[in-house]
Amino acid sequence: MSSVDAAAEAPRRPFTGRRVRFGDLVLQLVAGAAALATTVLVGLIIWKVIDGARLSLSKYGLGFVTRIAWNPVPGHELYGAASFLFGTAVTSFSALLLATPLAIGIALFLTELAPRPLQAPVTALVETLAAIPSVVIGLWGILVLGPALRDHVEPTLHSVLGFIPLFGPKGAGPSVFTAIVVLTIMILPIVASISRELFLGVPHELKEGALALGTTRWEMVRGVMFPYARGGIAAALILGFGRAIGEAIAVTQVIGGGVFIHWNLFGTGDTLGAKIAASYQGASTNLQASSLIYLGLILLVFSLIVNLAAQWVVRRSARKHGIVRGGRA
Amino acid sequence: MPKLGSLIRISAVVAAAALLAVAVVGTAGASRASHNGTTITGAGSSFVSPLVAQWVAGIGAAYGYELQYSPIGSGGGIAAITGRTVDFGASDAPLTSDQFNACNGCLQIPWALGATAIMFNEPSVPNLLHMDGPTLASIFMGQIKTWNDPAIKKLNPKVSLPSTAITVAHRSDNSGTTYNLTDYLSHVSPAWQAQFGTAVAVNWPVGVGAKGSSGVAGVVASTQGAIGYADVAFALKNHLKYFAMKNASGFFTTPGSRGILAAASSDQKPDANNALSIVNPPKKYPVAYPISTFTYVIVPQQTAKAADLRKFLFWAVTKGQAGQYTAALRFVPIPKSVLVVAEKTIAKIHS
Amino acid sequence: MSSAGFELGGNHLTRRRRVNLGMEMLAWLAATIALAVLGIMVYAVAGRGSSELNLDLITKQPIPFSLTNAPQGLSNAFAGTIVLVAFATAMALPVGILVAVYLNEFAPPSIRNGVTLILDILNGVPAIVIGIFVYGLLVLGNGQSGFAGSFALACLMLPLVARATMEVLVLVPNSLREAALGLGIARWRTTLSIVLPQTIGGILTGTVLAVARVAGETAPLLFTSSLVGNKPSWNPAHALQSIPVAIFELSESPDPKDHARAWAAAFVLLLFILFASLGARWLALRSRRKLTAR
């Protein structure tokens with residue numbers, strides 16, 4: 001410290017060190033406590049879920065995960081997660097399959113094709129789709145989409161593609177197919193907006209260089225933008241997938257609650273989250289309640305894996321491109 | 001720009017405040033109309049929920065109690081009262097001994113009498129179509145898949161049946177109505193008894209699952225060719241047709257007061273836990289409807305709200321059985337013998 | 001535009017141009033589909049709810065299994081949502097801001113990365129699992145309550161508020177902090193009176209977005225605040241009805257009037273969320289312009 005500083009400080013603050021440090025200490029402690037509380041919260045969530053599943057865990061162990069059963073009859077109680085895992089996997093992967101080309105198409109439209117004045121409003125509208133609560137989409141699914149699919153789309157698909165077991169005879173309305181469409185609508189905006197941000201981040205020079213060499217716009221997208229944004233799009237897909245597997249409310253409203261594994265998309269099914277939402281309130285025995293929480297534990301583990309995978313992919317691609325991504329879109 | 005910004009900010013705040021004010025005034029106005037009395041909360045059977053819904057006004061007028069009831073299904077009701085998250089639970093399925101143990105000192109009191117209607121949605125077919133137990137079991141087992149199946153034709157020779165596919169609608173939650181239906185099916189179909197049994201939820205082989213009696217009614221109402229089951233009040237409220245079921249005497253009976261009362265006379269003695277079983281009454285009750293059931297309220301024997309609960313339950317089993325509450329919903333006042341037992345049990349509630 | 005050296009006769013270029021046109025059309029189609037879906041849903045909600053969209057919706061309480069045509073509404077749900085969201089915000093906002101302050105102003109890089117990861121994990125926990133968690137933590141043995149419901153909603157809001165606050169804290173230039181320290185102002189004073197006020201816009205934006213998100217959440221409230229009465233209540237010690245749970249329950253009913261009420265409630269909810277989201281974006285734009293204009 002220069003003598004000027006010392007002179008300026010000395011008359012103002014004879015007790016500089018202690019007073020300043022106390023206030024700092026308090027703020028640091030309180031803020032640090034908040035950070036600690038957040039960490040404790042996450043630990044508590046994991047612990048509580050494991051604790052709730054304990055009865056079922058001790059009774060069934062890991063065999064629960066591969067068993068196709070959900071028999072709540074007292075005296076014959078037997079529970080297993082396999083049909084719900086199957087349902088979760090089928091609905092989420094199918095939704096991802098349907099949503100990816102749509103989302104990338106939208107992102108490309110917004111960054112490359114849309115006229116300037118349209119870009120902002122259309123972006124806002126796509127993000128509005130993300131803001132619609134899942135219960136409203138589920139309401140629309142039960143009352144509008146389900147009957148429309150059942151009465152018009154499913155019979156057509158069955159008559160044209162009926163030889164594939166996926167497109168069996170039409171159902172009663174609630175079906176795996178309706179759930180897939182609903183999930184597609186829900187993950188579309190997430191993947192689209194992340195992809196859009198990624199495409200916006202592709203350096204101009206690369207794009208214009210390719211165009212100057214005579215490529216068409218599509219060739220430029222395929223040859224420059226996709227490879228550049230590859231890691232980020234992978235992360236976006238993983239995040240969208242994570243959203244789909246965790247969705248419980250809209251899915252339980254439209255999927256019909258079936259317990260069996262079958263290939264007919266137009267029949268009923270169930271997923272981990274949807275089963276919990278439908279049955280938890282009325283679980284009649286401790287074993288049933290614990291088995292439902294076991295389903296939640298499986299869901300939590302998968303969500304964590306998906307989340308961490310997305311983080312890892314983002315970090316890897318950020319390192320590659322030398323940028324540090326703060327938050328998501 | 002600053003002027004526009006602050007103008008927008010001010011108007012946003014004013015709009016939000018206005019909306020909030022309307023909401024507060026509106027809801028405060030609604031609550032001003034009620035008494036400032038005790039709240040009695042309950043949860044469980046959706047079977048009895050239409051009747052309990054009618055009781056809210058009556059009990060409020062009589063004692064100023066505010067009755068809150070959530071129809072989450074009998075299984076949920078038993079779980080809720082076991083966890084003491086509500087003041088009373090309601091279940092159509094009598095508690096098993098395990099459930100009594102878990103509930104830790106609970107009393108089971110029959111407080112209403114009604115019937116499960118097998119409702120359907122098929123416009124080309126008349127109401128009160130004939131149906132019998134074994135055929136119904138086959139339908140729920142997925143062996144009968146269309147309306148013009150020979151088994152249904154045999155019961156209804158004069159009716160022209162369409163080839164529409166049958167969609168079974170069943171409960172996805174733990175339901176006393178399911179218990180009632182499966183109890184009946186187990187009595188009339190050895191195949192059902194062997195494969196599925198009697199329970200609040202079974203391993204349904206076919207069909208669409210829905211939550212609550214209103215959920216099942218919803219599926220039936222919106223799906224042509226659907227067959228489902230719920231308390232007859234739901235069929236009436238939603239203008240759904242239902243079957244006339246063949247009873248043990250060979251007659252096709254309907255879930256009306258005569259049929260239910262006749263069924264109730266087949267078991268007039270509640271067992272040690274006050275449970276009664278009146279499904280598939282024997283031949284000597286020719287007009288009995290075979291899928292009738294009592295329904296129970298489950299209360300802890302010792303509770304801080306003992307005095308209020310006793311008042312409420314006495315009212316429910318006496319004044320609450322009056323025609324003004326029960327008639328339109330096809331509930332039937334509980335018979336005298338059961339009433340006596342109920343009142344004795346209610347008196348046991350203490351604080 | 002020059003095609004020198006790339007074409008082998010005219011066919012390849014024509015084909016490439018056709019493929020390009022096809023792809024562009026697909027992209028336009030994708031955008032149209034997305035907007036069409038949005039439009040169909042909004043149209044359905046507005047159209048089907050219009051019959052029940054009146055003042056009764058927020059002033060009258062529901063009458064389950066009504067045999068008469070007495071006017072009904074969802075006053076308990078509207079009151080409950082206001083209380084639940086208000087308490088959730090009160091729980092999540094201070095903690096979120098404090099976490100962001102700690103991470104940005106005090107934490108060493110390792111802790112910052114660690115807690116940021118924790119926040120991302122919390123953000124990724126499905127809402128239904130949060131519901132199970134809070135049920136086990138607060139409801140079992142004590143009964144449902146508005147507090148339990150609000151706590152569950154707060155768990156969902158926390159990562160959103162924390163992240164939004166961090167994003168704007170980073171934008172405050174370090175020179176400001178150093179200048180204040182150079183003047184002899186205590187670190188805590190600097191943070192509270194100089195740095196944070198700069199970020200109010202961003203925090204507000206983040207909070208409004210979090211509120212919009214959480215106002216429509218059903219799963220966490222299913223097990224924590226769903227055994228409710230019909231009378232509107234403002235007391236969070238008891239379970240309170242909420243708009244999304246009401247919509248959820250009405251959606252499975254067979255009664256067309258119940259459906260209409262569900263649509264109407266969904267319309268009000270959508271309108272609120274739309275205004276909140278658009279308002280937040282506009283706020284964010286303004287505050288970012290103010291901050292980065294420096």
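**Chain architecture and a helix pair in the predicted model**

Read from the N terminus, the elements of chain C follow the order α-α-α-α-α-α-α-α-α-α-α. The C-alpha trace of chain C extends over about 80 × 70 × 35 Å along its principal axes.

Of its 294 residues, 54% count as buried. When contacts between residues at least 6 apart in sequence are considered, 73% of them join residues at least 24 apart. The accessible surface of chain C amounts to about 12,500 Å², and carbon and sulfur atoms contribute 66% of it.

T191(C) is part of helix 8 of chain C, which covers residues 187-215. Is T191(C) buried or exposed? With a relative accessibility of 4%, T191(C) falls under the 20% cut-off and therefore counts as buried. Leaving aside residues up to four places away in sequence, T191(C) touches V101(C), E105(C), L196(C) and P197(C), together with L27(A) from chain A.

Chain A can be described in the same terms. Its secondary structure comprises 13 helices and two strands. For 329 residues, a compact globule would have a radius of gyration near 20 Å, but the value for chain A is 26 Å. The C-alpha trace of chain A spans about 90 × 65 × 35 Å along the principal axes. Buried residues account for 54% of the 329 residues, and in chain A 72% of the contacts with a separation of 6 or more are between residues 24 or more positions apart. The accessible surface of chain A is about 14,200 Å², with 67% belonging to carbon and sulfur atoms.

Turning to chain B, helix 12 (residues 306-317) packs with helix 14 (residues 336-346) at an angle of about 175°, and the two axes lie 10 Å apart. Because angles over 145 degrees count as roughly antiparallel, helix 12 of chain B and helix 14 of chain B are roughly antiparallel to each other. Helix 12 of chain B contributes R310(B), L313(B), F314(B) and V317(B) to the contact, while helix 14 of chain B supplies L339(B), E343(B) and I346(B). By residue class, this contact contains five nonpolar, no polar and two charged residues.

How values were computed
Residues are numbered from 1 along each chain as its sequence is written. Chains are lettered from A and ligands numbered from 1 in the order in which they are written. This is a predicted model: local features need pLDDT of at least 70, side-chain atom pairs count only at pLDDT 80 or more; totals for chains, interfaces and linings use all residues. Side-chain values use heavy atoms; hydrogens and water are left out. Axes are lines fitted to C-alpha atoms, for helices over the stretch in contact, and angles run from 0 to 180 degrees between N-to-C directions. Helices (H or I, at least four residues) and strands (E, at least two) are DSSP runs, numbered from the N terminus. Angles under 35 degrees count as roughly parallel, over 145 as roughly antiparallel, 65 to 115 as roughly perpendicular and the rest as oblique. Contact means heavy atoms within 4.5 Å. Ala, Val, Leu, Ile, Met, Phe, Trp, Tyr, Cys and Pro count as nonpolar, Asp, Glu, Lys and Arg as charged, and the others, Gly among them, as polar. Buried means under 20% relative accessible area, exposed over 50%, partly exposed in between (1.4 Å probe, protein chains only). Accessible areas come from the Shrake-Rupley method with a 1.4 Å probe; for residues, only the protein chains shown count as cover. The radius of gyration is taken over C-alpha atoms; the globule rule is 2.2 Å times the number of residues to the power 0.38.
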